[in-house]
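Subject: Structure for you to look over

Hello,

Here is the structure for you to open. My notes on the fold and on selected residues follow below it.

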Amino acid sequence: MSVITRDEAQLRAQFLDVHRYTVELDLTTGDETFDSRTVIRFTARSAGDTFVELKPASLRTVTLDGQPLDPETLDGNRLPLRGLTAGEHELRVDAAMRYSRTGEGMHRFTDPTDGETYVYTQMFLDDVQRVFAAFDQPDLKAVFELTVTAPDGWSVLANGITEHLGQGRWRAAATPLISTYLVAVAAGPWHSLHTEHRGLPFGIHCRRSLAAHLDTDAEEIFDVTRACFDRYHEKFEEPYPFDSYDQAFVPEFNAGAMENPGLVTFRDDFVFRSAVTDTERQTRAMVIAHEMAHMWFGDLVTLKWWDDIWLNESFAEYMGYQTTLEATRFTQPWVEFGVTRKAWGYDADQRPSTHPVAPEAVDDTAAALLNFDGISYAKGASALRQLVTWLGEKNFLAGINIHFERHRFANATLADFIDSLAAATDRDVHAWAEAWLRTTGVDTLSPRVAAADGTLALTVDHAGSRPHRITVGLYDHDLTDEGRLTPREHISLDVPQSAPQPIGKRPALILTNDGDLTYAKIRFDDESFEAVRTGLSGLPEPLTRAVVWNALRDAVRDGELPPAAYLETARTQLPRETDLAVAEGVLAFAAHEVTDRYLRPEDRPAALATLGSLCRDLLRRTEDGDNPGLRLIAVRHFIDVAAHPDTIAAWLADDTVPGGPELDPELRWRILGRLAVLGATDEAAIAAELDRDPSANGQEGAATCRAALPAPEAKRAAWDAMFASDDLSNYLFTATARGFWQPEQADLVRAYVPRYYQDVVTLAARRGPAIAAAAGRWAFPYHAVDAENLALGEACLREAEPVAALRRKLVDELDDLARALRVRDA
């Protein structure tokens, strides 16, 4: 299929004004296809040729201004429209379109719990063509009118309020001007809950088998939604621009959520069916806030082309975390951001595939899709947090409101946004944008103390090119408690500094970027590192501890701190940790990166024992029930690092952990998965567990367990399911891939490493970007940290011409592999 280039999109935008789409979808025509009839009304500004995009199963008829066009002229996904005269035109397209099982276009899912079927659209980035014909680029906004025919018993959701006309026909209210990628439909026998806020209808929806779980959390979800809605109306002068606000939790969703105006779709993992930590609830609240921010950043004012995706994602990311903090009961969203999201950004920014937050040229939609990564989200949000620190929130919000007023229901560029900010401040925002948004890489900040004028003075050495406004924390040992570090002073500094900063006597710890207000790696001098090694858990603020743990993580990845030293620090400091996001982040990095990749295989058993002992300490500490979230984290990670089956097998047999918690479906599948890796279960036990939990999550758990069994026939079956067949949905593919490669089974799967590079290229080309990305990420042989795997991957990139989505994933995975080899050598 042909992608549209930036140049083509610019020419088409100069040539056309698109006014209105009238779309009729019929979802009653079978399990494989649905009918799609589209009328597009548009104006050509001059005489000439253009094209419209669609990807049909069959194209029945096309008429332009009442005259038939030959469907055979469809070339890939482009239908040429030749000989247009200047003036108004009407295009009619009648086609059958394919349902998707990969989360792209119109995804169709049948719930194994009750046999009910659901469909929903994911039009992003250029998948509207899988649902109806469109001039598919973000700056050709139009009004959309949708009518949907659905089976009896279904309800239909869309961007606007929907009305049931009878006989299965539903009509959605016409939208304001929106981009093609934001059109949304979700249809099925939804379980729906409704309320009203500020005169607008609000709804939340899920499949019926999750109804009880949604009902349990409905009040929390509505409370967060209302609170964020009200907070955005305090921040933004432009009122919410659509007629309703529905949130649908949909199955097998590829992203966390999608900001369709008036109908936000979320992965339905956010309808919790098993125990979760309060940090996971905070994450759900943040995603709600993030997607709601998009109603203004992205939906009301939309990027002109995909090089400015940061205008959508970076802003929604920043606003999501900040508004969660300001409007909800959750008090530490920036800690979770620092531990997980920011690390994602740092990692992405140090790979060969890095790019500026605002790249100067994204040539086509295939390239654009690759930039939805840790840079566009986490680095961009970090840059905005630094901008607010530098500019002041009052001026920042004033600039945003100018931007909304100037570009409402239209499109904007980076230059437009910077001009809006500049109108609200005397600061040189253009220079700031050039330094922060047009560059790549991570700056590094390091403290240096020297005598000056009879006292000590601090200089923050700066490796990099960006200006930073930071807070430096000075900490002393608590004289009454050797394990505590007490803040002495917090100093605001601009880096590069104009002069050294007097600090008096030497503190035990100098922490640059205390409060995590900028985007930079930090390093410690020798005295500070010793204080961290012995007193990290005694730092009073969780965000401060998150900054320190991130610094240690970066030092391991850069080969400056031995992985064993990180594990030892975790072993001594984490048992006293109270913040859930910090505990989860440290344990995840210690297990999946340090133990599975950075340590040599012969050192792995001792590392697993260390982590198991650490988790036992956390379990003993939480026996009194005062921190159930921390206990749940400890239980999960104890299962994951178990080197022997006896303890976790006993938990599974008893259906409980001694002292709690009782095992819910997530924990039972987690234990069974680890037992499969250790060769301590079999197909009969997996089948029995699936009988106990036949849900979609159960199907995924069974797929992971079966792929993890250490038997040649199990590996063959899993491999064939992934690479020789197209039957697996996006979620079942990922579940199977997660089980296949295991460090404990390196010898068993050795022959599959070269096969991966042979089979993945054809799979990716055959099944499309979503499966290509999943295969490049989850099916990659991550456990094989050796030069042979690296050489095979590099040869694949040189010789096999993988599609763009797969190439990007392979580049990233191979760079991480090379880094792991360097860490081992160091």
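Helices and strands here are DSSP runs, numbered from the N terminus; a helix (H or I) needs at least four residues and a strand (E) at least two. In those terms, Pro-496 sits in the loop between β25 (481-495) and β26 (501-504). A cis peptide bond joins Val-495 to Pro-496, with omega at about 0°. Please keep in mind that this is a predicted model.

Overall fold

The protein chain has 26 helices and 28 strands. Its radius of gyration is 27 Å, close to the 28 Å that the globule rule gives for 826 residues, so the chain is as compact as a globular protein of that length. Along the principal axes, the C-alpha atoms fill a box of roughly 85 × 70 × 55 Å. Buried residues make up 61% of the 826. Take the contacts with a separation of 6 or more: 72% of them are between residues 24 or more positions apart. The chain exposes about 30,100 Å², and carbon and sulfur atoms supply 49% of that.

Charges and salt bridges

The chain carries 83 positive and 128 negative charges, and their mean positions are 1 Å apart. A search of the whole structure finds 75 salt bridges.

Asp-373 and Arg-808 meet through their side chains in a salt bridge, at 2.6 Å from N to O. Asp-373 lies in the loop between α6 (365-369) and α7 (375-391), and Arg-808 in helix α26 (residues 804-825), so this pair ties together parts that are 435 residues apart in sequence. Both Asp-373 and Arg-808 are buried.

Glu-683 forms a salt bridge with Arg-706; the closest N and O atoms are 2.9 Å apart. This pair links helix α19 (residues 683-692), which holds Glu-683, to helix α20 (residues 696-708), which holds Arg-706; the two residues are 23 apart. Glu-683 is partly exposed, with a relative accessible area of 36%. Arg-706 is partly exposed at 29%.

Arg-766 and Asp-726 form another salt bridge, at 2.9 Å from N to O. Arg-766 is in helix α23 (residues 752-767) and Asp-726 is in the loop between α21 (712-724) and α22 (730-740), so the pair ties together parts 40 residues apart in sequence. Arg-766 counts as partly exposed at 41% relative accessibility, and Asp-726 does too at 37%.

Then there is the network. Salt bridges that share partners join Asp-217, Glu-220, Asp-278, Arg-281, Arg-284 and Arg-329.

Buried residues

Which charged residue is buried yet has no salt bridge? It is Glu-313, in helix α4 (residues 310-327). The nearest side chain of opposite charge, Arg-341, is 7.0 Å away. Leaving out residues up to four places away in sequence, Glu-313 touches Glu-259, His-290, His-294, Phe-372, Ser-376 and Tyr-377.

Gly-345 lies in helix α5 (residues 333-349). Gly-345 is buried, with a relative accessible area of 0%. With residues up to four places away in sequence left out, Gly-345 touches Gly-374, Ala-378 and Tyr-519. Gly-345 and Ser-382 are 37 residues apart in sequence and 9.0 Å apart in space, C-alpha to C-alpha.

Leu-817 is in helix α26. Leu-817 is buried as well, at 0% relative accessible area. Beyond its neighbours within four places in sequence, its contacts are Arg-597, Phe-780, Ala-784, Val-785, Asp-786, Asn-789 and Leu-790. Leu-817 and Gly-473 are 344 residues apart in sequence and 35 Å apart in space, C-alpha to C-alpha.

Backbone points

A cis peptide bond also joins Gly-660 and Pro-661, with omega at about 5°. Pro-661 lies in the loop between α17 (646-654) and α18 (665-677).

Arg-198 has a positive phi of about 55° although it is not a glycine. Arg-198 is in the loop between β15 (191-197) and β16 (200-206). Glu-252, also not a glycine, has a positive phi near 55°. Glu-252 is found in the loop between β17 (245-250) and β18 (257-258), and counts as buried at 8% relative accessibility.

Best wishes

Methods: Residues are numbered from 1 along each chain as its sequence is written. This is a predicted model: local features need pLDDT of at least 70, side-chain atom pairs count only at pLDDT 80 or more; totals for chains, interfaces and linings use all residues. Side-chain values use heavy atoms; hydrogens and water are left out. The radius of gyration is taken over C-alpha atoms; the globule rule is 2.2 Å times the number of residues to the power 0.38. Buried means under 20% relative accessible area, exposed over 50%, partly exposed in between (1.4 Å probe, protein chains only). Contact means heavy atoms within 4.5 Å. Accessible areas come from the Shrake-Rupley method with a 1.4 Å probe; for residues, only the protein chains shown count as cover. Lys and Arg count as positive and Asp and Glu as negative; His and the chain ends are not counted. The place of a charge is taken as NZ of Lys, CZ of Arg, CG of Asp or CD of Glu. A salt bridge is a side-chain nitrogen of Lys or Arg within 4 Å of a carboxyl oxygen of Asp or Glu.
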